[in-house]
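Work through the exercises below with the sequence and the model side by side. Try each task before reading its solution.

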Amino acid sequence: MKILITGGAGFIGSHVVRLFVEKYPHYDIYNLDALTYAGNLENLKDIEDRSNYTFIKADITNETTMMSLFEQYQFDRVIHLAAESHVDRSINDPLAFVKTNVLGTVNLLNAAKSAWNDDFQNKLFYHVSTDEVYGALGETGLFQETTAYDPNSPYSASKASSDHFVRAYGETYGLPYVITNCSNNYGQHQFPEKLIPLFINNIINNEPLPVYGDGHYTRDWLYVKDHAAAIDLVFHKGKLKETYNIGGFNEWKNIDLVKLLCQQMDRKLGRPSGTSETLISFVKDRPGHDLRYAIDASKINKELGWRPSVTFEEGLNITIDWYLDNADWLDHVTSGAYRDYYLKQYKR
Ligand code: NAD
Ligand code: TYD
């Protein structure tokens, strides 16, 4: 089986690529990635020489390239993760999100449909999406697969749109698809613009920890390898034309999470307890900030037997250790353009 994984040089994609390359030596894995600021082949150093792994540098917004790659390689299945993925960047540049997340997804759908030539036997378009398409919850309730889409940020609106296109290609052309909508991920190789790796990096460097608003926003956190395991399961056993929600059963208010992170970091860095908490700085809120996300993951649990394998404390522990042990990786990704982004986002 020839599997195209898009966005495989990014955070979640690199974990999915590694899992598939190592677990399925009889599958040919093609990692297609444009290597934007978020893509990093250092994430895959350990598997880059495997005989069942091929890297293709390409941009999903290029229709001609997508068509010809599908013709050339005759992919059987697609796991689509390539995206612009950061809410704050989407607020500053919505069009980039429309291009990659909407147009890029439609290009892939067209290329798959054309190459598969309406013979969909054993074919699959697996679209990886987010819980943010459902909008914001109040203090109670959970997102279910049937919850109406109600996106609030340009990022979530672009992901919602891409989900709709995937579903529409299933209904209109019979393209076989599955969609998963997952909660916030954390773990090794996450670019330090998202909450957890940004704050780990800032604690290491004694920089302020910019908590948006009053910090009482809630997210449901999942360890990235548990997301990759869920994708593996849905890829092989998920029902066509279905959506599965994936979540951590693990809700945290940002401020509580940040305090836990500070305590763990103080211990690991040998700093007196309470040192990192003094770095917390409440800053101007994110516009349109969604109050609370929380996933009801009972469908994937009941139908496919998936559940997270690590507790949040264990996952966070592994994650912090990885960042402390991989200072070179952090140095590489936080030089150059990262500094410009950081100044623009936090120091204006
Ligand atoms: P990421 O930003 O770390 O990685 C995205 C990857 O896509 C990068 O390697 C980048 O180079 C590549 N890419 C971007 N534009 C491209 C283009 N035009 N052509 C080809 N490649 C391109 O993102 P992530 O956090 O790993 O998220 C992966 C997917 O999972 C996304 O679709 C995202 O919406 C979804 N998701 C993420 C989370 C999360 O918490 N990070 C949660 C749920 C769902
Ligand atoms: P983030 O990691 O950007 O993920 P998402 O917006 O997709 O949920 O943010 C997680 C939460 O942390 C969100 O409520 C916004 C908040 N946050 C901060 O308070 N400060 C920051 O510097 C960042 C990046 C996020």
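**Exercise 1.** Which polar backbone atom lies 2.9 Å from an oxygen atom of ligand 1?

*Solution.* Before starting, note that this is a predicted model, in which local features need pLDDT of at least 70 and side-chain atom pairs count only at pLDDT 80 or more, while totals for chains, interfaces and linings use all residues. Residues are numbered from 1 along each chain as its sequence is written, chains are lettered from A and ligands numbered from 1 in the order in which they are written, and side-chain values use heavy atoms, with hydrogens and water left out.

The backbone atom belongs to glycine 10. It forms a polar contact, a term for a pair of N or O atoms within 3.5 Å. A polar backbone atom of threonine 36 lies 3.0 Å from an oxygen atom of ligand 1, and the side chain of threonine 100 places an N or O atom 3.5 Å from a nitrogen atom of ligand 1. On its own ligand 1 has 840 Å² of accessible area (Shrake-Rupley method, 1.4 Å probe), and the protein covers 96% of it.

**Exercise 2.** Describe the shell of residues around ligand 1.

*Solution.* Begin with the count: 30 residues surround ligand 1, with Ile12, Asp33, Ser85, Tyr155 and Lys159 as the closest, where a residue counts if one of its heavy atoms lies within 4 Å. Sorted by class, the shell holds 14 nonpolar, 12 polar and 4 charged residues. Among the secondary-structure elements, β5 gives the most to this shell, with 3 residues.

**Exercise 3.** Which residues come nearest to ligand 2, and which atoms make polar contacts with it?

*Solution.* The residues around ligand 2 number 20, and Glu132, Arg219, Arg286, His289 and Tyr346 come nearest. For Tyr346, a polar side-chain atom lies 2.7 Å from an oxygen atom of ligand 2. Tyrosine 212 contributes a polar backbone atom at 2.8 Å from a ligand oxygen, whereas asparagine 254 uses an N or O atom of its side chain, at 2.9 Å from an oxygen atom of ligand 2. The protein covers 97% of the 510 Å² of accessible area that ligand 2 has on its own. Two or more residues of the shell come from each of α3 (87-92), α6 (195-204) and β8 (209-212), and by class the shell has 10 nonpolar, 4 polar and 6 charged residues.

**Exercise 4.** How is the aromatic pair of tyrosine 30 and tyrosine 73 arranged, and why does it tie together separate parts?

*Solution.* Rings of Phe, Tyr and Trp (its six-membered ring) pair if their centres lie within 6.5 Å, and planes under 30 degrees apart count as stacked, over 60 as edge-to-face and the rest as tilted. The structure holds 24 such pairs. Tyrosine 30 and tyrosine 73 are 5.0 Å apart centre to centre with 55° between the planes, a tilted pair. Tyrosine 30 belongs to strand β2 (residues 28-33) and tyrosine 73 to helix α2 (residues 63-73), so the pair ties together parts that are 43 residues apart in sequence. Tyrosine 30, at 9% relative accessibility, counts as buried, a term that means under 20% relative accessible area, and so does tyrosine 73 at 19%.

**Exercise 5.** Which charged residue lies over the face of tyrosine 341?

*Solution.* The residue is arginine 89, at 4.1 Å from the ring centre; the rule asks for NZ of Lys or CZ of Arg within 6 Å of the ring centre and within 35 degrees of the ring normal. Lysine 299 likewise lies over the face of tyrosine 244, at 4.7 Å from the ring centre.

Technical notes: Polar contact = N/O pair within 3.5 Å; in protein donor to acceptor, adjacent residues only side chain to side chain. Helix = DSSP H or I, 4+ residues; strand = E, 2+ residues; numbered from the N terminus. Nonpolar A, V, L, I, M, F, W, Y, C, P; charged D, E, K, R; others polar. Buried < 20%, exposed > 50% of the residue type's maximum accessible area, 1.4 Å probe, protein only.
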